[in-house]
Structure formats: C-alpha cells, structure tokens
Amino acid sequence: MSLSEVRIQTEDFDLSTEVAQLRADHPKVGGVVTFVGTVRDLNEGATVSEMELEHYPGMTEQSISNIVDQAKQRWPLFSALVIHRVGPLKPKDQIVLVAVTSAHRGEAFAACEFIIDYLKTEAPFWKKEQTPDGARWVDARVSDDAALNKWK
C-alpha cells in the first residue's frame with residue numbers, strides 16, 4: 001500500500017520530524033529521498049527581501065495530489081509527502097518539502113525529482129518578490145520547463 005499526503009500551510013516544517021513519520025511502521029523502506037526548497041536572497045540579478053506565495057485553495061492540493069499519483073504509477077513507492085508553504089517568506093525560509101520512500105534509492109530519487117519538476121511547473125502557485133525596485137511577480141523559468149520535458 002502506498003500512502004501520500006499533501007499539505008499547504010503557512011507554518012514552517014521540521015525535516016527530521018516529517019521523515020521520521022514517513023518511515024514509522026514501514027520496515028520495508030530502503031530509501032528515503034527528500035528535497036527542501038528555500039527562499040533565495042537573489043533572483044534574476046535583484047536582491048529579494050521577501051517572497052509571498054499565493055495559491056488557489058482546493059485546486060492546489062488536488063493538482064499536487066495528481067502529480068504524486070502519477071509518480072506512484074511510475075515507481076513502486078511506499079509513501080510520498082509534499083508540504084508547500086504559502087504567505088510571506090524571508091530569504092533562507094523553507095518553501096517546500098518533497099519526500100518519498102521506496103524499497104530502493106533509484107526509485108526514490110527518480111520519484112522525488114519527478115514530483116518537484118512537475119510541482120514547479122504545474123501546481124497553481126503565484127510568487128511575488130519584494131526587491132529594491134518594488135514588488136514583482138515571478139514568471140516561470142525556461143529551465144523548469146526543460147526539466148519537465150525529460151519526463152514526457
């Protein structure tokens with residue numbers, strides 16, 4: 001049985017606690033792979049003092065759940081967790097956690113990368129950065145689209 005959880009929240013998360021919960025009562029887990037995304041203080045040549053993330057409640061969770069389901073169809077996973085923060089965040093703050101467990105590391109690495117690549121391009125989030133020149137909305141990156149294309 002493969003379990004998955006998607007959480008959208010304003011509060012921070014603790015990586016150790018989340019991984020311990022994923023592994024609890026699952027002695028067949030041989031690989032745990034995590035990705036933690038953080039706010040950078042520089043983007044496209046401008047200093048970033050804050051990033052605010054907005055989402056469409058309900059739609060965002062469903063979109064991410066669909067991405068996780070696709071990963072579970074491709075690889076034999078025991079569990080998958082996605083936590084994505086919204087609201088105002090400062091440089092160095094954690095934004096997103098993707099964590100997957102499987103029997104073997106190869107499947108866990110591939111599934112984690114797949115989930116974050118799809119999440120970056122397909123999940124309905126809007127990001128606004130505060131820079132010295134004022135607020136600006138962050139557009140999708142060409143590199144994110146290129147990363148997604150390797151899975152198609």
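These notebook entries record what I looked up in a predicted model of one protein structure.

**Entry 1: helices H2 and H3**

I began with helix H2, which covers residues 59-74, and helix H3, which covers residues 105-122. Their axes lie 10 Å apart, and the two helices pack at an angle of about 150°. Angles over 145 degrees count as roughly antiparallel. H2 and H3 are therefore roughly antiparallel to each other. I noted also that H2 passes H3 in a right-handed crossing.

I then asked which residues of H2 meet H3. On the H2 side I found Ser63, Ile64, Ile67, Val68, Gln70, Ala71 and Arg74. On the H3 side they meet Ala111, Phe114, Ile115, Tyr118, Leu119 and Glu122. Sorted by class, this contact has nine nonpolar, two polar and two charged residues.

**Entry 2: helices H3 and H4**

Next I followed H3 to helix H4, residues 142-149. The axes of H3 and H4 come within 9 Å and cross at roughly 135°. That angle makes H3 oblique to H4. I recorded that H3 passes H4 in a left-handed crossing.

From H3, the contact is made by Asp117, Tyr118, Lys120, Thr121 and Glu122. From H4, Asp144, Asp145, Ala147 and Leu148 take part. By class, I listed three nonpolar, one polar and five charged residues for the contact of H3 with H4.

**Entry 3: glutamate 129**

I looked up glutamate 129, which lies in strand S9, residues 125-131. Is this residue buried or exposed? Buried means under 20% relative accessible area. Glutamate 129 has 3% relative accessibility and therefore counts as buried.

I next examined what surrounds this side chain. The side chains of glutamate 129 and asparagine 43 are joined by a polar contact of 2.7 Å. Not counting residues up to four places away in sequence, glutamate 129 touches Asn43, Val48, Glu50, Met51, Gly134, Ala135, Arg136 and Val138.

**Entry 4: arginine 85**

I turned to arginine 85 in strand S6, residues 77-85. At 8% relative accessibility, arginine 85 counts as buried. I asked which backbone oxygen the side chain of arginine 85 reaches. It is that of glutamate 11, at 3.3 Å.

I also listed the contacts of arginine 85, leaving aside its neighbours within four places in sequence. The list holds Gln9, Thr10, Glu11, Asp12, Phe13, Leu53, Asp93, Gln94 and Ile95.

**Entry 5: aspartate 69**

I returned to helix H2 to look at aspartate 69, which lies in it. With a relative accessible area of 33%, aspartate 69 is partly exposed. I compared sequence and space for aspartate 69 and leucine 3. They are 66 residues apart in sequence, and their C-alpha atoms are 10.0 Å apart in space.

**Entry 6: proline 91**

Last, I located proline 91 in the loop between strand S7 (87-89) and strand S8 (94-102). Its relative accessible area is 22%, so proline 91 is partly exposed. Leaving aside neighbours within four places in sequence, I found proline 91 in contact with Val39, Arg40, Asp41, Val48 and Ser49.

I then asked how proline 91 is placed relative to isoleucine 67. The two residues are 24 residues apart along the chain, and their C-alpha atoms are separated by 27 Å.

How values were computed:
Residues numbered from 1 in each chain as written. Predicted model: local features only at pLDDT ≥ 70, side-chain atom pairs only at ≥ 80, totals over all residues. Heavy atoms only, no water. Axes fitted to C-alpha atoms, helices over the stretch in contact; angles between N-to-C directions. Helix = DSSP H or I, 4+ residues; strand = E, 2+ residues; numbered from the N terminus. Parallel < 35°, antiparallel > 145°, perpendicular 65-115°, else oblique. Left-handed = near helix turned anticlockwise from the far one by under 90°. Contact = heavy atoms within 4.5 Å. Nonpolar A, V, L, I, M, F, W, Y, C, P; charged D, E, K, R; others polar. Buried < 20%, exposed > 50% of the residue type's maximum accessible area, 1.4 Å probe, protein only. Polar contact = N/O pair within 3.5 Å; in protein donor to acceptor, adjacent residues only side chain to side chain.
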